Amino acid sequence: MDLPTLPPELREEVLHGVARNAAAPVAVLRRLMRAPWAVRTLAWEHPCMTEELAAELLALDDNSMTEALACNQSLPIAYRRRLTAHPSEQVRRAAVHESRHHDADAPCDLAAELAVLADDPSAFVRAAVAEHYDAPDTVRAKLLVDPDPGVRRALALGWWTPPAHVLRTLLTDPDPEVRSAALAMHGTPPADLHDALLAHPLTRADTAPHVALTPALAAELARDPDEHVRAAVVRNPGLPPRLRAELEAERNCPVRYAVLCSPYTGHDDRIRLYDELCAAVDADDEIWRYTESYLSSAWLSGSLAWLARSPVADRVAALDSPLDFLRCGVAMNTADLPPGAFARVLHDRAPEVQRVAALYAESIRPEELERIVAAHGDMDLAKFTEGIQTRPDFPADAYPRLAASENEMVRARAAGRDLPAALLESLIADPEPFVREAAAANPGLPAHRLPGLLTGEPTPFIAVAVGMSPNLPVDWMTALLAAEGL
């Protein structure tokens, strides 16, 4: 079967897929280099970048393309190291970001290289070194006194477990942005620094939960003009009940959210305030609608981390709460729950509670994982955390059953897995475009089914998936190139 004649915009999308196709011959990729709209995709996303291809791309002497090449995770280590000495600071920064010990087995000392790059003339590059996961502490210590505050701020964000003396240095840095980053990243500051940190607006809110409150300071923080300071002091255990009640009555999204998520809000007060919020949402009140939407992901934001660390008895008691978002906080830590309580979490009336438990549970039967995904779908949290189906104990034999789910997102996830041919071919005709896109990208889809995906009204994503298929015949690739004049 021949590839159908395609309009120019769809033809380009297929060729963008070819640029990402690990099975595309070098001769095809070399012809793609002649297209300005394709060469960056090739440099950035080709999954099997060879030294030969890298050399030809570098010979084009285009900084934008070279920066894209530096971001390619399959770039041979010798070329990545070469790009860390490139004249362009954007290229050097990209090369630093993607450098990892696991790039190759070549005897290269990444720590020594990062030590050299810590002296780079560009603060932009030194900041990339400062936040690099593999930067040794000796390099970080050098950057701790870097003259550029942006570098020191990057260090505050990238040094996850700094020694106490380093954290103190960052919290007393002359630049408030550095102090703010260190405080936001590392939590409780030493008591003797509280006054100085409270004095600056950039560090006031993050310090408010930790200070020892006098009556005057409590009133000052609870009535601060900055809503984020008022929300933060709600988390201070020393806040007097009178001022806590004052904040509970406030009509403000960050403050109400903080009150509802605070470990110091009483059970009955929490329910009452949530009921008030729901009534306002039903009345189409925009302020409370935002608050309610934030609560749905409170477990993910860390606002309920205190509950996940609470004693077992407190977490079991919280399972009786009518508040779904609170039970999600319990579902984040089920390791030591009694069997009966764990079963309650797995069969909670709120699908989100079940899904959070399936995401975090240390030990859970494969059939329970399949049941929860089949009934409620997976987590769509690619930017934040992996989904349930990425667990190593998720049953591989579940995918043929999930491919027939009524939930289109579940079908789409299954469509990318190893499926029987007949089932996979049914998914390329699915009424939902993103299910067809996932099926089109499945490496098991035979070549004779690819042209049909490009007829009718294919989406750009489907066209890209066709181009990426390892079963796309080379003569179809060359025909597309010829049609583009390449």
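Me: How much space lies in the largest pocket?
Reply: A pocket is an open set of points on a 1 Å grid over the protein atoms alone, where a 1.4 Å probe fits and protein lies on both sides within 12 Å along at least five of seven lines. Its volume is the space filled by probe spheres set on the points, which are joined across faces, edges and corners. Here, the largest pocket holds about 860 Å³. Its lining (residues with an atom within 4 Å of a point) has 28 members, and those closest to the centre are Pro209, Arg235, Ser301, Gly302 and Ser303.

Me: On what kind of model do these values rest?
Reply: The model is predicted, so local features need pLDDT of at least 70 and side-chain atom pairs count only at pLDDT 80 or more, whereas totals for chains, interfaces and linings use all residues. Residues are numbered from 1 along each chain as its sequence is written, and side-chain values use heavy atoms, with hydrogens and water left out.

Me: Which elements give two or more residues to the lining of the largest pocket?
Reply: Helices here are DSSP runs of H or I with at least four residues, strands are runs of E with at least two, and both are numbered from the N terminus. The contributors are helix 13 (176–186), helix 15 (201–207), helix 17 (227–233), helix 19 (253–261) and helix 23 (305–308). Helix 19 provides the largest share, five residues.

Me: What is the volume of the second largest pocket, and which residues lie nearest its centre?
Reply: The second largest pocket has about 190 Å³. Its lining comprises 13 residues, and Arg270, Trp306, Asp314, Ala318 and Leu326 are nearest the centre. At least two lining residues come from each of helix 20 (267–282), helix 23 and helix 24 (312–318), with helix 24 giving the largest share, three. By class, this lining has six nonpolar, five polar and two charged residues.

Me: How many salt bridges does a search of the whole structure find?
Reply: Side chains of opposite charge can pair when their charged atoms come close. A salt bridge is counted when a side-chain nitrogen of Lys or Arg is within 4 Å of a carboxyl oxygen of Asp or Glu. The search finds 36. One of them joins arginine 204 to glutamate 220, with the closest N and O atoms 2.7 Å apart. Arginine 204 belongs to helix 15 and glutamate 220 to helix 16 (residues 215–222), so this pair ties together parts 16 residues apart in sequence.

Me: Is arginine 204 buried or exposed?
Reply: A residue is buried under 20% relative accessible area, exposed over 50%, and partly exposed in between (1.4 Å probe, protein chains only). Arginine 204, at 14%, is buried, whereas glutamate 220, at 44%, is partly exposed.

Me: Where do aspartate 324 and arginine 327 lie?
Reply: Both are in helix 25 (residues 324–331), three residues apart, and therefore separated by about one helical turn. Aspartate 324 is partly exposed at 36%, while arginine 327 is buried at 0%.

Me: Which helix holds arginine 355 and glutamate 352?
Reply: They lie in helix 27 (residues 351–360), three residues apart, which is about one turn. Arginine 355 is buried at 16%, and glutamate 352 is partly exposed at 22%. Elsewhere, salt bridges with shared partners link Glu248, Arg256, Asp269, Arg272 and Glu276 into one network.

Me: Where is histidine 86 found?
Reply: Histidine 86 is in the loop between helix 6 (77–83) and helix 7 (89–98), and it is buried at 16% relative accessible area. Contact means heavy atoms within 4.5 Å. Leaving aside neighbours within four places in sequence, histidine 86 is in contact with Asn63, Thr66, Val91 and Arg92.

Me: How many helices and strands does the protein chain have?
Reply: The chain has 35 helices and zero strands. Of its 486 residues, 49% count as buried. Its C-alpha atoms fill a box of roughly 80 × 55 × 40 Å along the principal axes.

Key: Nonpolar A, V, L, I, M, F, W, Y, C, P; charged D, E, K, R; others polar.
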